[in-house]
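I opened this entry to keep track of what I looked up in one protein model. I wrote each item down in the order I checked it.

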Amino acid sequence: MGGLREITAVVVAAECPVGGVVEAIEQVTSHLPTANDPEVCPLCPARPWPCSGFDAAAGHIQAAGIPIGYLVPLDLHARLWPPPQLRPTTPPPGRAQIGEESS
Ligand SMILES: [Zn+2]
């Protein structure tokens with residue numbers, strides 16, 4: 001299989017924020033995995049996605065003030081921003097209550 005995702009082209013003013021990062025946008029797009037194989041970049045198959053090529057180009061785009069999520073298909077958002085869990089930030093309720101009542 002392999003291949004790339006279907007793409008579309010758009011014309012923007014060269015002076016606008018998007019026009020200033022066209023090459024980075026093309027890089028990000030070329031490093032997008034397919035929907036059938038969301039863990040593997042078609043250009044960097046040796047590493048899991050997001051790959052270093054994607055990260056570098058995404059950094060340029062975000063530095064221009066453009067949210068990278070607008071350029072990433074929705075099915076890949078969960079890999080870019082895994083849900084925050086498995087990191088408890090509060091102590092178990094029983095222990096906290098015991099400490100507070102000892103004053
Ligand atoms: Zn890549």
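**Overall make-up**

I noted at the start that this is a predicted model. I looked up the secondary structure and found four helices and zero strands. Read from the N terminus, the order of elements is α-α-α-α. I then checked burial: the protein has 103 residues, and 16% of them count as buried. I also looked at contacts between residues at least 6 apart in sequence; 55% of these join residues at least 24 apart.

**The pair α1 and α2**

I recalled that two packed helices are described by the angle between their axes and the distance between the axes. For α1 and α2 I found an angle of about 145 degrees, and their axes are 8 Å apart. The crossing of α1 past α2 is left-handed.

Which residues meet here, I asked, between α1 and α2? From α1 they are A24, I25, Q27 and V28. From α2 they are G53, F54, A57, A58, H60 and I61. Sorted by class, this contact has seven nonpolar, three polar and no charged residues.

Apart from neighbours within four places in sequence, A57 is in contact with A24, Q27, V28 and H31.

**The core**

I next looked for the largest nonpolar core and counted its members: there are eleven residues. They are V21, A24, I25, V28, C41, W49, F54, A57, A58, I61 and I68. Two or more residues come from each of α1, spanning 22-30, and α2. The largest share is from α2, which gives four residues. I set a general remark beside this: in soluble globular proteins, nonpolar side chains tend to be buried together.

**P73**

My last item was P73, which I located in the loop between α2 (52-63) and α3 (77-80).

Why does P73 count as partly exposed? I found 15 C-beta neighbours inside 10 Å of P73. A residue needs 20 or more to be buried and 12 or fewer to be exposed, so P73 falls in between, as partly exposed.

I then listed what P73 touches, leaving out residues up to four places away in sequence: R5 and L32. I also looked up the pair P73 and T34, which are 39 residues apart along the chain. Their C-alpha atoms are separated by 9.6 Å.

Terms used: Residues are numbered from 1 along each chain as its sequence is written. This is a predicted model: local features need pLDDT of at least 70, side-chain atom pairs count only at pLDDT 80 or more; totals for chains, interfaces and linings use all residues. Two residues are in contact if their C-beta atoms, placed from the backbone, lie within 7 Å. A nonpolar core is a set of buried Ala, Val, Leu, Ile, Met, Phe, Trp, Tyr and Cys residues joined through C-beta atoms within 7 Å. Axes are lines fitted to C-alpha atoms, for helices over the stretch in contact, and angles run from 0 to 180 degrees between N-to-C directions. A crossing is left-handed if the near helix is turned anticlockwise from the far one by less than a right angle, and right-handed if clockwise. Ala, Val, Leu, Ile, Met, Phe, Trp, Tyr, Cys and Pro count as nonpolar, Asp, Glu, Lys and Arg as charged, and the others, Gly among them, as polar.
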